[in-house]
Amino acid sequence: METKTNKFKMEKVRQSCEYQSGIEVESIGSRGGLSLAWRGDASVVLQSFSHRHIDVIVEEAGEKKWRLTGFYGSPYINEREVAWNLLRRLSNQGEYPWLVCEDFNEILYGSEKKGGLPRDEKKMEEFRQVLEDCQLADLGYSGNWLTWERGNLPETNIQERLDRGVGDLTRWANQIQQNRNWKKEILTDKLATLLEADRDEENLAEIIDTKIHLNMEIEEDNTNLKANFTKEEIQIALKEMRPTKAPGEDGLPAIFYQKCWPIIGEDVANYCLQQLNKGMDVSLINKTNIVLIPKVSIPINISQFRPISLCNVIYKVIAKAIANRLRLVLHKCIDAAQSAFVPGRLIIDNVLLAYEILHTLKNKKIGKRGLMAVKLDMSKAYDRVDWNFVQKVMENMGFDKTWFHMVLKCVSSVSYSVIINGLASESFCPHRGLRQGDPLSPFLFLFCGEGLLSLMRLEKAENIIKGVKASKSGPAIFHLLFRDDCILFAEATERDAISLKQILMEYERNSGQRVNFDKSTVFFSTNTQEREKMAISQVLAVRRSNDIERYLGLPRGKEVFIKAILQAIPTFSMACFLLPKTLCKGLEGIIAKFWWQKSRNRKGIHWCAWKDLCRLKEDGGLGFRNLKNFNVALLAKQGWRLINYPNSLLARVLKAKYYPNTNFAEARLGNLPSLTWRSVWAARGLLDKGMCWRVGKGDKISIWDDLWISGKEAERVSNQVSNKEIKLVSDLIDANSRRWKSELIRNTFARDTAKKTLQIPLAELAHEDLQVWRGELTGEFSVRSAYKLLQDSSQDPNGINLQIETKNFYRKLWNLDISKKYRSQFGNSL
């Protein structure tokens, strides 16, 4: 709430209302001032604060953590954009369910105001847009609909809905599902233990009881899946669609429905809900146009075209709503080796993991038995999916019959027309396959892939096939999936090769999939005998590969073209590997040559250095990327994930191999490290530079050696005192009152340092110290802030003052209402 008073007075008010715990933010004169108060035993950990927000993590007894942000929107129009951008920055970080509430000082629609002049439609649209960008939905209200009022007389009375609560419904739903999944895992582990134990009456009774509870968990998931869809789910599905993607048969893109929702939303939602809740019959709207996009400049046969499916937006809204529910239970059904499309998993994790395993194979030079990795190329993977096979898989997973019938109706009711020279052909109906543009297709393909993984798990259970370990104590890896690509790991023996071949043939017969053995390859460990290599290659009928990089297959206006195309091409590789500096300079040289050239084959004068063009526009540059720094920032993200997601498959494999007895921050490079580990390890210095401590108890933070005081310089406190008893930040805190020892601090530190220290808020309830990323207010890592940190540290200190003086000039230049071409030319001439 806004207090309009200093925090000491507000603290007394809070305590008089019997709220013993709280956080106060100082007011600015008679404006602003915030207070967050709570009772009970809940643990509330402060993440960040400003004069516009207080952001905390809440943990209640026996419950998962969630995030609360008290937000105060600016009442002044000229400050509104700054407030909205703050909310956007807060939304980019953190994975906890998020609730944002309090006074936004803006309304969503004109109906939320009574009396006075009509609200500016542009301002309401900006508020709607920021909530959409943050994926926040209004949570409704209880009690009075209008929360602010002014004027006692009827003719002067104005009422508005300025206060509201909004939340990220997807994250809240995910947390509920995670709680249920946690219970299911406990029951599954308990059942496995009971089945292995000696049987007696007590044991049998407990097995039956556990199975009953396990079935109740599955039934609960099915109950949630089958629950009636709501208007909010329809609206969320529409908001998540890209607005300007090519439209379907009706010619209306998603942006039409998004912008006209206040007018047509009721009718669209009612139609979608009727289809979802009262029996699916989407054949009339499930008509798809196929457009053929040439892969080459002069195509001469049909294989040189790429077919693109264009679905109607109304159908995609229905399918998206179903897919959003399916997403919530996906992590329970899909193997941990599949990294694509499953919430909480990144495909880049499996790329790094694959390189780590292949590095192990390459360095395995001793031992009687070799190892192998078989990379499979699925021919027309989406087009060959058998619908009946997907249905059987979902049925065996425990999905309710009515649910998977509704899902498959979306797939089986489709009809196609091919657009040739602008004209549509006669429609035809398929009997198998999935569309690339259908929101359900990625998830249904995952179910199809589970068939292959189930066969692999059966072979593993019978000890027929043994996986590959990156280290002795690490987990064995049997398979990795990347969307529609797959790598299988086994011992390099003819027996294992025959088993793999039989598995693939069985999978092909049932799923409709077909392995293109001509394009598939096998990679052997160094110690594999030549006769074994030849025998395995003949059994599998695949090519041999000795090159890791080849094996895995890594691959408008000038300014837009450089940023969106040329500098984006190496991004995937830079997220996995530390590129040589000479390569980065070479790429930048090619891009600079393209930027300055007058026309094709005509060189231009390089009017300024490339490093100057890589500065932000407000600093006098053009915002191009410094590839070397961007490469390190991308790799630092992988290091951040190793620290914050220690239970991921990648983190467990790397820890077992490179730092089994310590953590990532203290890990050593080790002997014979892989290229991926060397790359991620090299970015550790950036993490060390960008991470700082958020004070809790203070017993883990060194006053002199750690970063813990806020400020742009983020320097460590210089040790100029002789008091040897002062070592930890906890020495500066009164543990009983949870207040700073102000006299000790003022006598110990310089005036500026003491002032900053006393401004650090301390929670009423002591909590553990947290390591956070200082580049973002939320404390969560972002590639953007890491890159900016590197850019700032590489600038010439002598030029900083000049940049500060000219920043406002360049900001005005780039905001001029003139042609972008002339702005760029004028900027270059300076």
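I began with Arg88, which is partly exposed because its relative accessibility is 25%. For these labels, buried means under 20% relative accessible area, exposed over 50%, and partly exposed in between, with a 1.4 Å probe and protein chains only.

I noted the ground rules next. This is a predicted model, where local features need pLDDT of at least 70, side-chain atom pairs count only at pLDDT 80 or more, and totals for chains, interfaces and linings use all residues. Residues are numbered from 1 along each chain as its sequence is written, and side-chain values use heavy atoms, leaving out hydrogens and water.

**Salt bridges**

I searched the whole structure and found 33 salt bridges. The term means a side-chain nitrogen of Lys or Arg within 4 Å of a carboxyl oxygen of Asp or Glu.

I looked up the partner of Arg88. Its side chain forms a salt bridge with that of Asp133 (2.9 Å, N to O). The pair links distant parts of the chain, 45 residues apart: Asp133 is in helix H3 (residues 121-133) and Arg88 in helix H2. Helices here are DSSP runs (H or I, at least four residues), strands are runs of E (at least two), and both are numbered from the N terminus. Asp133 is partly exposed, at 39% relative accessible area.

I then checked Glu79 and Arg52, whose side chains meet in a salt bridge (2.6 Å, N to O). Glu79 sits in the loop between strand S5 (65-71) and helix H2 (80-91), and Arg52 in the loop between strand S3 (43-50) and strand S4 (53-59), so the pair ties together parts 27 residues apart in sequence. Arg52 is buried at 8% relative accessibility, whereas Glu79 is partly exposed at 25%.

Glu106 and Arg119 came next, with a salt bridge of 2.9 Å, N to O. Glu106 lies in the loop between S6 and S7 and Arg119 in the loop between S7 and H3, so this pair joins parts 13 residues apart in sequence. Salt bridges with shared partners connect Arg80, Glu106, Lys113, Arg119 and Glu160 into one network. Glu106 is buried, at 1% relative accessibility.

**Backbone**

Which phi does Asn105 have? I read a positive value of about 55°, although Asn105 is not a glycine. Most residues other than glycine have a negative phi. Asn105 counts as buried at 11% relative accessibility.

Lys380 also has a positive phi, about 50°. Lys380 is found in the loop between strand S14 (371-376) and helix H11 (387-397). With a relative accessible area of 54%, Lys380 is exposed.

**Cysteines**

I found zero disulfides, meaning pairs of cysteine sulfur atoms within 2.5 Å. Cys410 is buried at 0% relative accessibility.
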